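Please open the model in a viewer and keep the sequence panel at hand. The stops below follow one another as selections.

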Amino acid sequence: MPDVSATRIHASACPHDCPSTCALEVEVVDRNRIGRLRGAADNSYTAGVICAKVARYAERIHHPDRLTRPLRRTGPKGSGQFEPISWDDALDIVAERFLEAERRHGPETVWPYQYAGTMGFVQRDGINRLRHAKRYSGFFSTICTNPAWSGFLAGTGRLAGADPREMAKSDLVVIWGTNAVSTQVNVMTHAIRARKERGARIAVVDVYRTPTMEQADLPLLIRPGTDGALACAVMHVLFRDGLADRAYLASHADDPAGLEAHLAERTPAWAEVITGLPAAAIEDFARLVGTTPRTFFRLGYGFTRSRNGAVNMHAASCIPVVSGAWRHEGGGAFHTNGAIYHWNKTLIEGSDLRDPSVRMLDQSRIGPILEGDADALAGGPPVTALLIQNTNPVTVAPDQTRVRRGFARDDLFVCVHEQFLTETARMADVVLPATMFLEHDDLYQAGGNQHILLGPKLVDPPGECRSNHAVIGALAARLGADQHPGFRMTARELIDATLQASGWGTLEGLEAARFLDVQPDFDTAHYTRGFAWPDGRFRLKPDWASVPYPAPSTFGPVAAMPGFPDHWAVTEEADAEHPFRLVTAPARQFLNTSFTETAGSRNREKRPSLMLHPDDAAALGIAEGDRVEVANRRGAVILHARLFDGVRRGVAIAESIWPNAAHEGGRGINSLTGADAVAPFGGAAFHDNHVRVAKAAPLPS
């Protein structure tokens with residue numbers, strides 16, 4: 001037994017894909033074992049609070065099902081039949097197969113595929129150094145942020161906003177399109193503080209009665225994809241009732257007169273028909289915003305995972321411009337803080353080797369890409385080799401039927417570097433065991449706040465696990481591509497060099513400080529001297545194709561996007577065959593597919609289920625707990641009914657992402673989601689699906 005009396009507390013940072021990026025205190029029992037994790041009380045954003053799933057991280061890092069040795073497939077793809085092999089053999093196989101694929105089709109046939117299983121720069125982004133050195137196909141990341149970021153950028157011109165800690169100084173906190181209680185608990189820390197200390201009110205806009213909405217003073221339950229209509233009606237009332245800050249609009253916005261004229265017919269009654277929210281509730285919300293100078297809009301990601309998501313984000317972000325809330329501490333808007341960090345990650349990513357002529361492939365369209373769709377392949381060769389780190393596309397990618405068919409190709413070689421035998425790893429030819437965040441060194445930035453954080457190696461990994469950085473370097477050497485200095489540096493050397501190149505000091509300094517607060521001053525954060533456009537004016541009427549988003553091109557029906565804020569009716573609406581709108585919201589105990597392997601999280605989530613309004617269920621002859629089939633043209637999924645009056649009629653909610661194997665028939669929820677690109681710069685419309693729901697046929701006896 002480990003000597004618990006020898007436990008020491010060490011600083012770290014949560015590596016998972018959550019905007020909070022919490023500063024952690026970790027109980028380290030010995031070189032091989034941790035105890036409990038806590039939030040760092042002296043970090044002004046984390047403020048001592050972390051989510052329950054990360055607090056019990058020992059359950060994950062010491063899980064008996066961790067991968068600990070390299071594996072080679074011995075049975076059919078997906079069978080889970082593997083044999084252990086040595087690291088040298090595994091890396092030799094991968095390098096040989098990549099070189100063989102390159103000889104047949106050219107380097108673009110190899111596609112390094114990664115995402116945000118870790119948010120650390122060294123371990124997440126180092127795969128790009130190999131990509132650029134070898135001229136492998138580019139990776140355009142679209143699955144999460146693109147509609148949200150482009151929608152916010154469309155107005156401000158810069159991906160940054162008011163200090164999120166100002167929520168505690170607000171008199172009205174509007175939490176729009178994010179279930180913060182479940183997915184970024186620290187938002188609630190600061191909002192609740194404002195309520196306790198200032199008597200602030202909390203308004204929540206969402207499509208079902210989430211745990212966050214349960215805590216709201218003003219719950220605003222709308223239909224999926226109708227946020228733009230709500231925002232327009234709110235601004236209509238502000239102009240109509242003399243609550244718009246016309247002086248602020250005159251100095252800080254591009255066309256307030258045009259917006260006011262455009263909104264003349266966008267009344268609360270008009271919005272009620274679209275959103276389902278009573279006009280009286282819209283009036284009350286608008287007047288509260290207009291009479292509360294310190295109104296803070298905390299804008300999430302969830303409401304942008306729709307085909308009109310970018311338009312909805314832009315519309316919501318216009319409200320504090322019309323009200324003038326940006327003038328005030330505790331007012332304005334915040335979505336994410338990516339623009340404040342000015343990183344130089346050349347050594348980590350090898351960006352000095354990048355050839356801009358190499359094609360970029362859309363992450364969200366991995367199904368069509370692997371099935372050989374010429375448009376998805378950008379006119380280039382087929383993808384015949386994959387290197388996958390930090391993501392689980394066989395579960396999380398949209399249009400799962402096509403994804404799984406693509407992975408089943410006999411001519412596709414797949415290497416997966418993972419912590420568990422995920423459903424993607426089960427489809428691999430070679431599986432490599434990966435470290436977890438406490439077992440390697442890394443550097444983090446917060447998205448939902450303003451901290452740079454260090455995540456040092458605190459314990460040794462089990463078995464033969466190796467870090468992403470080590471694997472990328474070993475492959476580069478075998479592929480004859482390790483000339484770039486980043487391949488020969490340790491993770492700590494890369495962290496130190498990146499900090500210095502970016503103007504953030506040294507590793508020694510960050511190690512001593514544990515985290516750096518790099519929040520800009522009030523005038524910068526609140527755009528008092530103007531927004532980030534040449535004329536300093538917020539774009540109420542954006543040119544969508546010119547939004548400064550780092551994309552290889554525009555995607556989707558950009559020409560049809562509305563100029564001024566509006567309800568853009570481009571969503572996958574219910575019809576006679578598919579009378580329900582399905583939203584695949586995040587589950588509280590999972591983080592994408594992380595934590596789906598731990599008993600604590602699985603037991604709390606119980607089983608894959610579908611929330612239905614009781615009246616809808618009664619009309620379909622469905623009772624609590626019944627097996628139901630949810631289907632559309634993309635696929636069909638079996639879930640268990642959960643009757644819940646916190647959804648609107650005609651709306652169904654499936655909190656996910658459970659593994660496909662947790663569903664009857666092995667078909668997971670993303671069998672129902674589409675991979676068509678969201679305008680203007682891509683993305684996946686996970687919360688924008690029409691489906692039919694029926695009581696499932698009885699299981700054979």
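Select Leu 612 and Leu 643: Leu 612 stands opposite Leu 643 in S23. Strand S21 (residues 609-612) and strand S23 (residues 635-643) pair in the parallel sense over four bridges; two strands pair if DSSP finds at least two bridges between them. Helices (H or I, at least four residues) and strands (E, at least two) are DSSP runs, numbered from the N terminus. Now show the side chains of S21: Ser 609 and Met 611 point one way, Leu 610 and Leu 612 the other, and all are buried. Buried means under 20% relative accessible area, exposed over 50%, and partly exposed in between, with a 1.4 Å probe and protein chains only.

The model is predicted: local features need pLDDT of at least 70, side-chain atom pairs count only at pLDDT 80 or more, and totals for chains, interfaces and linings use all residues. Residues are numbered from 1 along each chain as its sequence is written, and side-chain values use heavy atoms, with hydrogens and water left out.

Next, select Ala 631, which lies in strand S22 (residues 627-632). Ala 631 has a relative accessibility of 1% and therefore counts as buried. Leaving aside residues up to four places away in sequence, Ala 631 touches His 578, Ala 636, Leu 672, Val 691 and Arg 692; contact means heavy atoms within 4.5 Å.

Move to the open sheet of five strands, whose order is S10-S9-S8-S11-S12, with parallel pairing. Strand S10 (218-221) and strand S12 (332-334) stand at the edges, each with a single partner strand, so one side of each lacks a neighbour in the sheet. Neighbouring strands of this sheet are turned by 15° against each other on average, direction ignored. For the angles on this tour, axes are lines fitted to C-alpha atoms, for helices over the stretch in contact, and angles run from 0 to 180 degrees between N-to-C directions.

Now select helix H6 (residues 146-156), which is mostly covered, with ten of its eleven residues buried. Among the buried residues are Asn 146, Pro 147, Phe 152 and Leu 153. Their cover includes strand S7 (138-140), S11, helix H15 (309-323) and S12. Just after H6, Gly 157 takes a positive phi of about 80°.

Another open sheet has three strands in the order S17-S18-S19, with antiparallel pairing. Its edge strands are strand S17 (442-445) and strand S19 (515-517), each pairing on one side only. S17 and strand S18 (residues 451-455) pair in the antiparallel sense over four bridges, and the bridge partner of Gln 445 in S18 is Ile 452. Helix H21 (residues 491-501) packs on the sheet and touches S17 and S18; its direction makes about 35° with that of S17.

For a helix pair, select helix H3 (residues 87-105) and helix H20 (residues 468-478), whose axes come within 9 Å and cross at roughly 55°. That makes H3 oblique to H20; angles under 35 degrees count as roughly parallel, over 145 as roughly antiparallel, 65 to 115 as roughly perpendicular and the rest as oblique. The residues that meet include Trp 87, Leu 91 and Leu 99 in H3 and Val 471, Leu 475 and Arg 478 in H20.

Finally, select the cysteines. A search of the whole structure finds zero disulfides, a disulfide being a pair of cysteine sulfur atoms within 2.5 Å. Cys 14 is in no disulfide, and the nearest cysteine sulfur, that of Cys 22, is 6.2 Å away.
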